[in-house]
Amino acid sequence: MIKKKNNKDLSKLNTFGMKVRAACYLEYDNPSDLASMPWDELAKPLLQIGSGSNLLFCSDFPGTVMRSRIDLFELLQDRSVGDDVYIRAGAGMEMDELCRICAGKGWWGLENLSGIPGTVGASAVQNVGAYGVEAGELIESVDCYDIVGRRFVTFSAADCAFAYRDSFFKHNKGRYIVVSVVFHLYRDFRPRLDYAHLQEEVERNAELIMADTDPYSPLLTGQGVRQPITPLLVRQTVMIIREKKLPAVGKVGSAGSFFKNPVVSAEQFESVCAIAAAKEAPCNRTDGKQNAVASDSTDGGQATEEKGVPCNRADGKQNAVACDSTNGGQATEGKGVPCTRAEGEQTPEAGKVPHYTLDNGEIKIPAAWLIDSCGLKGARFGGASLWHSQPLVIVNSSGNALPSDIIALENHIIDTVQATYGITLSPEVEHI
């Protein structure tokens, strides 16, 4: 069934909570609705959304916003043999609900993606990922409706050309609408715990006793008895980690991780390490004077007692943590950001840049670390700010942030990281 409304308020249909409207809004709950859709009559352009969790509406949308309510879930019995499990999920199904169902059944694969907001259809388009797993690694095929050809088509995983937060569909916007996705999961023991400290957290949680009031208590029981590592246990661990680091969806407006983690050459990574080592001189002054990277081109970038360590900027602006008690420790333009380290403490350790080496020799650096290293955690513009426990997330902290607030903060972050490390961050969030 198709539901249509003109001049639709989208503030509840995008997780940033941007107060924008669409000229036309459509919902549908059956693939057959797409075949009977009056495509030529709809206001253009067309925009297919899921939960609106990876979008930033920059203004009112002049065309038609479409949303799938296709919520099917089925086990493909004829293909699920031995340890192999094949399932089909509707594009309108919430991705986290799919993760919950599969983990509960003991099927390995999707548990690391638990808690990611958005729908199954969006997971294929965006190739969502978390904790070392990407949706594209588990997708067998994607069923779509071709608006141009007016027919249903199926794309294999190879056809989808999955890459880091990318797919064939992102390069063919407005033509294909995802109807359902087939995932290949496993019954045999296949945990993916090699990302960051996930294995350590899973092992720790395997021995925890959860209080009855804890929302995840059904997953862990029995005092002194170590629980087996299961997809459900990994899911529970991921959910706890996310809850500690990320704003609650529906309570604080955001679009999750705002920036992609940049991938650089080995040579550029060495440069980043050198800059980081220079930046992280200990903050051990007690006289209110600066003891960090001060950017001053008048001395050729050489460090002085007042200026700290050498400057890597060519524009004469400061480029690191400034320890300045004259402003109460608050960040101000031209003074850097607050010095929050204890006397003599280095944060993070000089030159030890977190990274992940790819098979081709290139190196992925966490965007969150780059942002934090530039002293931007907690940065604010208008009603937008960086989330206090995860600098990769921009939030609508006031509840009334304008799209221009988000964009201004985004640009400030990009400019600062570029000026500091020579790396240009790319947004993961789609700007509409």
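Select Y145: at 2% relative accessibility it is buried (under 20% relative accessible area, with exposed over 50% and partly exposed in between; 1.4 Å probe, protein chains only). This is a predicted model, where local features need pLDDT of at least 70, side-chain atom pairs count only at pLDDT 80 or more, and totals for chains, interfaces and linings use all residues. Residues are numbered from 1 along each chain as its sequence is written, and side-chain values use heavy atoms, leaving out hydrogens and water.

Next, show the aromatic rings. Rings of Phe, Tyr and Trp (its six-membered ring) pair if their centres lie within 6.5 Å; planes under 30 degrees apart are stacked, over 60 edge-to-face, the rest tilted. The count is 11 aromatic pairs.

Go to W108 and F189. Their ring centres are 5.3 Å apart and their planes stand at 85 degrees, so the pair is edge-to-face. W108 is buried at 4%; F189 is exposed at 55%.

F152 is partly exposed, at 42%.

Now select F155, F168, F169 and Y176. Ring pairs link these residues into a cluster.

Then look for charges over rings (NZ of Lys or CZ of Arg within 6 Å of the ring centre and within 35 degrees of the ring normal). R190 has its charged end over the Y186 ring, 3.8 Å from the centre. K364 does likewise over Y164, at 4.2 Å.

Last stop: C160, buried at 0%. Its closest cysteine sulfur, in C144, is 7.1 Å away, too far for a bond. The whole structure has 0 disulfides (cysteine sulfur pairs within 2.5 Å).
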